[in-house]
Amino acid sequence: MAGIYIHVPFCKKACHYCNFHFSTQQQLKPEMVKAICTEASLRKNFILEPINTIYFGGGTPSLLSVSELDTILTTLKEHYKIITDAEITLEANPDDISADKLNQWLKAGINRLSIGIQSFFEEDLQWMNRAHNALQAKDCIEQARTAGFSNLTIDLIYGTPGLTNERWQQNIQTALSLDIPHLSCYALTVEPNTALDHMVRKGQKKDVDADLQATHFNILTQTLEAEGFEHYEISNFAKPGFRSQHNSSYWQGKPYLGLGPSSHSFDGAFTRQWNISNNPLYISSLQQGIIPFESETLTITQKINEYLMTSLRTMEGISLSFLQNNWGEERVHDIMRSAEPHLDQLNIQLKDQHLILTPKGKFLADGIAADLFVE
C-alpha cells in the first residue's frame, strides 16, 4: 500500500510557502489546481501499488472549493489504483468550517478531518495569532460530528509562555469531553528567522521554557493514556482503530507520492524527491509538462538512520530482528552498544527484541535517536 500527499500552499496570510497575499493567492488557485492535476498524470508510474491514503495538507487546503477538490480526486482516480475504503484526510482551519462545507466535503469523498485547533482558550489563540476564536474551536468540532464525520483529529500546542499547567490540563479535558478520537500535540518551537524568533530576540515575547514543556508533556501522556488512548507516536495519540494511516505509512517507510510545491516523495526503497517551493515557477513548469523537482539516492547509512529515527518515535520501537534481517548482525551489535547508556539511564527498554522509549525517554526521543545513529 502507498499514500498520496497533496500540498495546497495557500493561506489567508502571507507566509513562507507563498509570499503572496490572499488576493494574489486566490488568482493563482485555479492554475495551481491544474498544475497539481498535470503533475499527478505525469507521475502516474512513480507508485504502482494500490493507494490506501490521500492527504490534503498545506497551507490551507480547506480554501479549495468543492469543485477543485473533486477535480483533484477525479484525476487521482483516473491514474492510480485507489482502494475503496481509502483514508482521505483534509486539513481544515476552524474558521473555514461550516455545515454546508462539511456536507460538501463528505459528498466529495473526504472521510477524515484534521482540524488546527491549537487551543480552546482565547488568550492562547491571540498569542499564536490564529484567525479563529475559542468559540469557533469548539463549535467546528460539534458541527463536524453533526455532519457525520466520526474520524476526527485535532492539533494542540503546549509549552507556550503563559500557558499554565491547569489551563493545559483544561485543554486536554475539553478535547476529551468532545470525544475526539485522535490528537496530535506539539511543543511550541521557535524556528530561526521567523516573526516569532525576531520578537523573542527583541524581548517582545517570552522564549519557550524547556522545563515547562516537559511538565506539559507528562501531563498530556498520563492523562490520555489513562483515558485509553494509544501513545503510538511521540506527538500522536489515538483511540484504538483511529491511528492516522497516512502518517503511519511515513513512519513505517512505505512509499508515498507528494504533489504540489514543496511536497516530498519516496519510492519505498532509496529514491527521495522534492518539488520546488516557488508557486509561479511550479505552475509555469507544469504548463510546459515539466515536473520541477530535485532528487537524491539514499545510502545504506541514511536508510538505517532514518529507520532508527522514525521507529524509535513509535510505540512499537526499533525492531532488532528487522535491523538484522536487512542490514546484518554487526549493525545490531553497534546499535546495542550505543544504546547501553540509555538502557542504564532507563530512557529506553529492551522488550521482545525491540528498543522502546520509556515514559522518561519520550521527551528525549530525538537526542536518543541521534546517539544510536550509525556512521
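The model is predicted. Its largest nonpolar core has 87 residues, and a search of the whole structure finds ten aromatic pairs. The structure also holds 13 salt bridges.

**Nonpolar core**

- Within the largest nonpolar core, the residues that touch the most other members are Ile6, Phe56, Leu76, Trp105, Leu113, Ile141 and Ile154.
- Helix H1 (residues 22–42) supplies the largest share of this core, with seven residues.
- Leu113 is in contact with Leu90, Leu102, Trp105, Ala144, Phe149, Asn151, Leu152 and Thr153, when residues up to four places away in sequence are not counted.
- In soluble globular proteins, nonpolar side chains tend to be buried together.

**Helix H15**

- Helix H15 spans residues 365–372, and its buried residues are Ala365, Ile368, Ala369 and Leu372.
- Viewed down the axis of H15, these buried residues fall within an arc of 100 degrees, so they line one face of the helix.
- An α-helix has 3.6 residues a turn, so residues three or four places apart point the same way.

**Aromatic pairs and cluster**

- One of the ten aromatic pairs is Tyr158 with Trp168, whose ring centres are 5.4 Å apart; their planes are at 45 degrees, so the pair counts as tilted.
- This pair links distant parts of the chain, with Tyr158 in strand E5 (residues 152–158) and Trp168 in helix H6 (residues 165–177), ten residues apart.
- Tyr158 is buried, at a relative accessible area of 5%, and Trp168 is buried at 0%.
- Tyr158 and Trp168 belong to one aromatic cluster together with Phe217 and Phe363.

**Charges over rings**

- Arg43 lies over the face of Phe46, 5.0 Å from the ring centre.
- The charged end of Arg272 sits over the ring of Phe266, at 4.7 Å from its centre.

**Salt bridges**

- Arg43, the residue over the face of Phe46, also forms a salt bridge with Glu39, with the closest N and O atoms 3.1 Å apart.
- Both partners are buried: Glu39 has a relative accessibility of 0%, and Arg43 has a relative accessible area of 5%.
- Lys362 forms a salt bridge with Glu225, with 3.4 Å between the closest N and O atoms.
- That pair links distant parts of the chain, as Lys362 is in helix H14 and Glu225 is in helix H8 (residues 210–226), 137 residues apart.
- Lys362 counts as buried at 16% relative accessibility, because the cut-off is 20%, whereas Glu225 counts as partly exposed at 39%.
- Arg313 forms a salt bridge with Asp366, the closest N and O atoms lying 3.1 Å apart.
- Arg313 is in the loop between H11 and E13 and Asp366 is in helix H15, so this pair links distant parts of the chain, 53 residues apart.
- Asp366 is partly exposed, with a relative accessible area of 45%.

Notes: Residues are numbered from 1 along each chain as its sequence is written. This is a predicted model: local features need pLDDT of at least 70, side-chain atom pairs count only at pLDDT 80 or more; totals for chains, interfaces and linings use all residues. Side-chain values use heavy atoms; hydrogens and water are left out. Buried means under 20% relative accessible area, exposed over 50%, partly exposed in between (1.4 Å probe, protein chains only). Helices (H or I, at least four residues) and strands (E, at least two) are DSSP runs, numbered from the N terminus. The arc is that of the directions from the helix axis to the C-beta atoms. Rings of Phe, Tyr and Trp (its six-membered ring) pair if their centres lie within 6.5 Å; planes under 30 degrees apart count as stacked, over 60 as edge-to-face and the rest as tilted. A charge sits over a ring if NZ of Lys or CZ of Arg is within 6 Å of the ring centre and within 35 degrees of the ring normal. A nonpolar core is a set of buried Ala, Val, Leu, Ile, Met, Phe, Trp, Tyr and Cys residues joined through side-chain atoms within 4.5 Å. Contact means heavy atoms within 4.5 Å. A salt bridge is a side-chain nitrogen of Lys or Arg within 4 Å of a carboxyl oxygen of Asp or Glu.
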